Amino acid sequence: MTAPIDQLPVDGAGPIVGTRPRVGHIDFLNCLPLFWGLARTGSLLDLDLRRDTPERLSDALVAGELDIGPISVTEYLRNADELVLLPDIAVGADGPVMSCLLLSTLPLERLDGVPLACTTTSRTSVRLAELLLSDLVGVRPEYRSSSADPATMLSGAPAAVVIGDAALRASLLGAGTAGYEVYDLGEMWRKWTGLPFVFAVFAARRDFLAGNADLVREVHSRFLASREVFLDEIDDVCRRAARWAEFDAPTLKRYYLSALDFSLGERHLAGLREFARRVGGAEAGFPPDVTIRLLDTDPPDARRMAGPGAVSGRGPAGVVRS
Ligand SMILES: C=C(O[C@@H]1C=C(C(=O)O)C=C[C@H]1O)C(=O)O
């Protein structure tokens, strides 16, 4: 049952004034929880939304074609000087993620020197798979980009890295019957490090933030409100989404509640910093101790009113507020 329009949740947010921000939206089921409520609260009208694949949105944010949006974590780290992270919102997992996978027709120990097909839509899962294979398993496959579907990727290579809806399909519908094993990258990282893994963060361009700080804070709070609306309506959303996806509503609910983790708190930041520490260097395009800038959600006036020392300018080690 859809709520009548007059029962739409009360917005409760401030007005978007001035520039209509250009905001990215990952066109995978994984981002539905963050965008569902934007429509329900009317926020959608206030944003110039661009729906696309993660790698294209990452490039658009870096190129200044978007002001705010999701960005694959490796691209964020490579451009951390130009960007500010939105706190408490991300696409990650604290265990199995279900949709960032290594599929292999061979035992992982036998992947040394053999072709491994990597989806062009991913920048981070591909890098994470490379790290896990080299440092945990001790093999170095020959990485090749591919824009094909998982079955075609595996017809030309013994293993593949896939993400998003195609990965969900491959793990839920193909595993066991299609001759490959599924290795969940979120689960492997969690077992290895004890930390959550963040695949994509939400960031604003620093040059945009400089002239539009209140606006960025407003968009940030709208995203948080959107996620709340999604959680309130999750059964209804999953039932509706299941009409168009190949997955039933309980599977989608499990994906959203037990696999994906949409928060970005201290443990997630620790996971992000640990990933940077392990892959950072000249080749990666960012230093292992890259500085992470987190949006200061308390405007200076509120901080002054709260009294001295109420809000520190620094977050956890290596994280600064902007
Ligand atoms: C959980 C996911 O997270 C993503 C993984 C990304 C990557 O590997 O580069 C980028 C954005 C997110 O969509 C997914 O795609 O399934």
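Helices (H or I, at least four residues) and strands (E, at least two) are DSSP runs, numbered from the N terminus. The model is predicted: local features need pLDDT of at least 70, side-chain atom pairs count only at pLDDT 80 or more, and totals for chains, interfaces and linings use all residues. Residues are numbered from 1 along each chain as its sequence is written.

**Exercise 1. The shell around the ligand**

Task: Determine which helices and strands each supply at least two residues of the shell around the ligand.

Solution. Step 1: A residue is near a molecule if its C-beta atom, placed from the backbone, lies within 6 Å of it. Step 2: The ligand is surrounded by 18 residues, the closest being S72, S99, S122, S125 and F199. Step 3: At least two residues of the shell come from each of α4 (124-137), α6 (164-174) and β10 (197-205). Step 4: By type, the shell has 10 nonpolar residues, seven polar and one charged. Here Ala, Val, Leu, Ile, Met, Phe, Trp, Tyr, Cys and Pro count as nonpolar, Asp, Glu, Lys and Arg as charged, and the others, Gly among them, as polar.

**Exercise 2. Helix α2**

Task: State where the buried residues of α2 fall, seen down its axis.

Solution. Step 1: A residue is buried if 20 or more other C-beta atoms lie within 10 Å of its own, exposed if 12 or fewer, and partly exposed in between, with C-beta atoms placed from the backbone. Step 2: In α2 (residues 54-63), the residues P54, L57, S58 and L61 are buried. Step 3: These buried residues fall within an arc of 105 degrees, so they line one face of the helix; the arc is that of the directions from the helix axis to the C-beta atoms. Step 4: The cover over these buried residues includes β1 (22-26), β2 (48-52), β3 (68-72), α3 (73-78) and β10. Step 5: Just after α2, G64 takes a positive phi of about 85 degrees.

**Exercise 3. The surroundings of P196**

Task: Decide whether P196 is buried or exposed, and list what P196 touches.

Solution. Step 1: P196 lies in the loop between α7 (185-193) and β10. Step 2: P196 is buried, because 25 other C-beta atoms lie within 10 Å. Step 3: Two residues are in contact if their C-beta atoms, placed from the backbone, lie within 7 Å. Step 4: Not counting residues up to four places away in sequence, P196 touches G92, A93, D94, R190, D261, R267, H268 and G271.
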